[in-house]
Amino acid sequence: MWERTLQDLIRGLRANKKDESKFIAKAVDEIRKEIKSDDMELKAGAVLKLTYLDMLGYDMSWASFHVVEVMSSPRFHLKSVGYLAAVQSFDQETDVLMLTTNLLKKDMTSAPTDISVALNGLSHVVTPDLARDLSPELITMLTHSRAHIRKRAILALYKVMVKYPEVLPQGVAKLKDKLDDPDPGVVASTVNVLCELARRKPEDYLTLAPQLFHLLTTSSNNWMLIKIVKLFGSLSPYEPRLVRKLQPPITELISTTPAISLLYECVHTCIIGGMLQGSSGDSLARMCVSKLAAFIQDADQNLKYIALLALVKIVPSHPHLVAEYQDTILASVNDQDISIRMRALDLVSAMVSSNSLQSIVQQVLSHLVPDTSSSTLPTAAQSLAQHTVPTSPTTAKPHISPSQSPAYRLILSQRILTMCSQSMYENVTNFEWYLSVLVDLAHVANVDIGPQIRDQLVDVVGRVKGGETGSCSEVLWAAAWICGEYCSELSEPQKLLPYLLQPQISTLLPEIIAVYIHATSKIFGHWAAEVAQRWDDDDLPEVKSMVDLVLGRAREFVGNSDVEVQERAANTVQLFTFIQADLNAYRPKPVDNPFAEASSSFDPIGSAEPRFPKSLYLLQPLHGAYDLNPVALAAQASVPVPEGLDLDAWIVAPPQEPAPEVDADVKARKVKKGKGKEKAMGTGNGVVLTPEYEEDVETVEDRERRLAERRERLRDDPYYIIDDKPSTSKRAHEDIDSIPVVRLDDMPSLADVDDSRILPSLKEDYTPPSSYVIDRDGEMPEGAVVPSQTATPRTMTPVSRNTPTLTSFPQYEVEDEVRTSTPEPIKYSSGIV
Amino acid sequence: MFPARHFMQLPWTPPELEAFLGPKGEEDERWRVVYRSYATLYFVFVVDGAESELGILDLIQVFVESLDRAFENVCELDLVFQFDEVHHILAEIIQGGLVLETNVEEIDNSVQVSAKLRKESFASANPLSLGIGVGGAGSRGGNLKSPLGWLTGKITGGRAM
């Protein structure tokens with residue numbers, strides 16, 4: 001006997017990991033020979049080896065007849081091998097199963113050990129035919145003298161009833177008797193089966209309630225109790241009286257059982273079974289919630305997880321009870337485990353009410369705030385962070401926190417938006433607050449949430465009427481302007497147009513409407529040029545409908561009472577009418593025509609003709625010719641004076657008499673300045689002063705005096721209405737340098753626009769740079785003479801934008817450390833392999 | 001009810017702690033993966049809505065304790081080299097996807113009875129054998145030592161199952 005045993009095969013597999021398939025091919029060849037042997041031991045050994053290979057994914061269906069041969073061996077150790085192979089490799093389509101009916105019948109009337117092997121095998125391989133033929137034997141087996149056989153027969157009967165429902169009535173009747181079996185294991189198996197049956201059709205099993213209730217109050221088998229509790233959970237909707245009857249024993253179980261699994265199942269059943277309704281349910285509900293809250297604080301992550309799941313279900317009926325544990329639940333959003341965080345977020349979202357929304361959103365928002373920040377000025381993000389709850393000790397190591405993962409941040413941001421906007425802003429009581437949340441979110445999110453925030457901004461203003469909206473219109477002005485000016489940053493600009501043109505905008509302030517209309521034209525211009533570049537005749541309808549949309553909406557504003565809106569609308573209408581006419585005149589050129597192709601090659605004029613409607617390029621140059629860059633504070637003053645230009649020389653000598661008044665305020669003031677100087681210096685003409693010098697010399701008193709003179713003069717002028725309040729006049733001459741300027745931190749650089757505009761095709765892959773370059777000094781003219789006061793650069797230290805990204809890397813290293821700290825894996829001693 | 005088939009190749013990268021994988025499909029009919037790790041060993045059960053997740057964790061504990069009794073300080077090599085024995089033990093806990101027995105004593109008794117019978121049957125068929133057969137529990141030869149009692153150390157008594 002030199003054949004390989006199973007152990008030899010396994011050792012060989014482990015030694016031949018490099019060319020496993022070759023080794024297995026050889027082994028299977030040997031098995032094919034061995035399996036045909038007359039020696040039953042050898043045959044069984046081959047089947048066992050095949051079973052092992054089957055487990056690894058190698059097919060053994062070809063050997064099913066040999067499996068049946070081994071099953072039929074009278075020797076128990078061989079029979080076991082045969083049944084094991086059958087259980088693992090047979091399925092409903094295995095044809096040799098037809099041959100097993102008599103074998104199974106015989107084994108089921110044999111020694112007890114044969115019976116249990118046969119019953120176990122039958123449970124796995126049963127087909128409708130086998131179920132029909134063997135059900136009488138199974139039914140009689142339910143009263144076998146051995147409890148072990150009765151248990152197996154009960155479970156096998158379930159599988160038979162599933163395959164052959166005709167036996168169901170008889171089987172269920174027998175099962176009811178088995179609930180009173182003297183052996184607790186048999187009762188537990190019966191409950192298992194009844195639970196499965198009742199899950200499919202609970203109303204048929206209501207008559208079992210008294211027996212089950214008795215078991216619930218007397219048994220100590222936790223597995224069975226869990227099943228019974230679950231069974232009652234599915235029965236109670238069909239029998240409302242059960243709820244009241246179940247409350248006492250379930251309360252008893254919840255308060256006394258030491259088994260967490262049973263405790264949880266009771267709580268869970270109470271929730272989903274509607275046992276917490278009414279006055280009697282209130283104390284039970286309180287108990288359930290307190291138990292679940294204790295689970296959340298447990299060290300066992302599994303308990304945390306399922307407790308959060310269960311609390312989500314209890315929130316709709318008892319929000320006030322869950323709200324008591326708001327802080328505990330919010331702390332779970334900080335958990336290390338991402339799946340627990342997600343469940344906690346689910347729960348937090350479900351808990352939102354008009355009272356709790358603000359505090360919840362504020363805390364969720366704080367999770368988006370970077371943990372470490374070395375910025376010198378307190379940013380909005382940092383001041384937010386100061387208001388967060390003290391974080392739990394589990395987040396002591398912020399660098400391994402999943403808060404840094406972009407996917408998680410995106411989900412968090414989306415959650416904030418859904419929490420606030422659900423049921424039409426049902427829970428938002430203060431829209432000014434919500435707008436500030438949106439702005440904060442845009443600031444700290446650092447993920448691709450921009451479009452949603454924008455939609456929210458537009459939606460809020462479009463929907464919400466009332467005093468609060470006044471404060472947000474500036475935001476919309478900015479939003480619309482940014483959309484228009486930086487439309488090349490948008491991947492699908494045309495989708496924005498309907499938002500900018502929605503009917504609600506007519507309720508906005510005129511200046512904002514004007515910006516909207518202008519932004520529309522900018523975006524369309526950009527988009528049209530983009531479409532033209534990759535022109536396809538199929539685009540025509542879309543472009544046409546977009547033009548129609550713009551025209552339709554713009555025409556409504558042509559008659560607007562505000563002159564700026566009127567002019568913008570009129571301009572837009574004219575330009576778009578032109579485009580519309582061009583589009584209507586456009587006829588698609590045939591491309592697939594070989595003659596056209598050939599002829600065009602001889603006709604240079606024809607080939608030069610663009611394939612797209614030319615008017616698509618009409619608007620882009622109007623808006624996109626120059627990049628808009630921030631201009632430095634001192635740029636104007638630093639423009640070098642060209643050779644031969646004397647700025648100080650009068651172009652037209654000033655008249656002796658005061659010049660007639662000019663409407664524009666600035667002009668008037670300049671003239672006045674010059675005049676005032678003249679008087680102060682006491683010279684009539686020829687004195688020339690640079691403007692800077694003038695500013696420096698001019699004192700506050702001077703200015704006050706001049707303004708007083710001016711007011712005096714204007715008093716009698718019928719073209720001026722004089723405001724008597726002195727405060728307004730004071731504001732008019734406030735020193736510009738003293739206006740406080742707040743440095744906006746972390747603003748995206750405006751200078752970055754260039755690249756993406758030049759390479760529009762790369763926009764899709766555009767990822768925001770981890771550290772922004774901020775053009776703080778602004779654009780300076782070429783060859784600028786830098787004045788001394790701007791020579792000291794402002795804080796040029798890059799903002800700490802890149803810090804969080806860097807700290808996200810150690811996460812993996814730490815994980816590795818955790819891995820290595822687990823107990824040493826078993827070392828395979830080389831001697832045995 | 002769950003398929004009594006344990007996966008030898010985990011279809012995903014196991015996370016650090018035992019947990020339940022997310023739901024799939026309808027609320028009640030979804031399949032859930034409940035798993036528990038004992039150092040380098042992962043026990044994975046796939047269950048449907050009829051089962052309690054925590055109950056299954058306890059059941060995994062029962063399974064491991066039964067293995068530990070049958071193999072006396074079970075280790076990976078026991079599970080690899082005597083997969084048939086592992087199946088026989090599992091068959092005393094689960095039959096056809098339904099739980100048969102959860103009492104470790106009962107399970108251990110049944111396992112011992114059938115193992116003894118297989119051994120006797122083998123011995124009577126091979127009177128000259130030295131105790132090495134097709135799938136007998138006696139095949140754990142002298143060179144297959146499991147010097148580490150680590151798994152028993154891991155088992156700190158299940159949750160009153």
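Predicted model: local features only at pLDDT ≥ 70, side-chain atom pairs only at ≥ 80, totals over all residues.

**Stop one: a helix pair in chain A.** Select residues 64-71 of chain A, helix α4, and then residues 76-89 of chain A, helix α5. Their axes come within 7 Å and cross at roughly 145°, and α4(A) passes α5(A) in a left-handed crossing. Which residues of α4(A) and α5(A) make the contact? On the α4(A) side, show A:Ser64, A:Val67, A:Val70 and A:Met71. On the α5(A) side, show A:Leu78, A:Lys79, A:Val81, A:Gly82, A:Tyr83, A:Ala85, A:Ala86 and A:Ser89.

**Stop two: helix α28 of chain A.** Now jump to residues 510-533 of chain A. At 1.5 Å a residue, the 24 residues of α28(A) should span 34 Å, and the end C-alpha atoms are 35 Å apart, so the two values agree. Is this helix largely enclosed or largely open? Since 17 of its 24 residues are buried, α28(A) is largely enclosed by the rest of the structure.

**Stop three: chain B.** You'll find five helices and four strands, and tracing along the sequence gives β-β-α-α-α-β-β-α-α. Switch to a burial view: of the 161 residues of chain B, 43% count as buried. For the contacts within chain B between residues at least 6 apart in sequence, 50% join residues at least 24 apart.

Conventions. Residues numbered from 1 in each chain as written. Chains lettered and ligands numbered in written order. Axes fitted to C-alpha atoms, helices over the stretch in contact; angles between N-to-C directions. Helix = DSSP H or I, 4+ residues; strand = E, 2+ residues; numbered from the N terminus. Left-handed = near helix turned anticlockwise from the far one by under 90°. Contact = placed C-beta atoms within 7 Å. Buried ≥ 20, exposed ≤ 12 C-beta atoms within 10 Å, placed from the backbone. Expected span 1.5 Å × (residues − 1).
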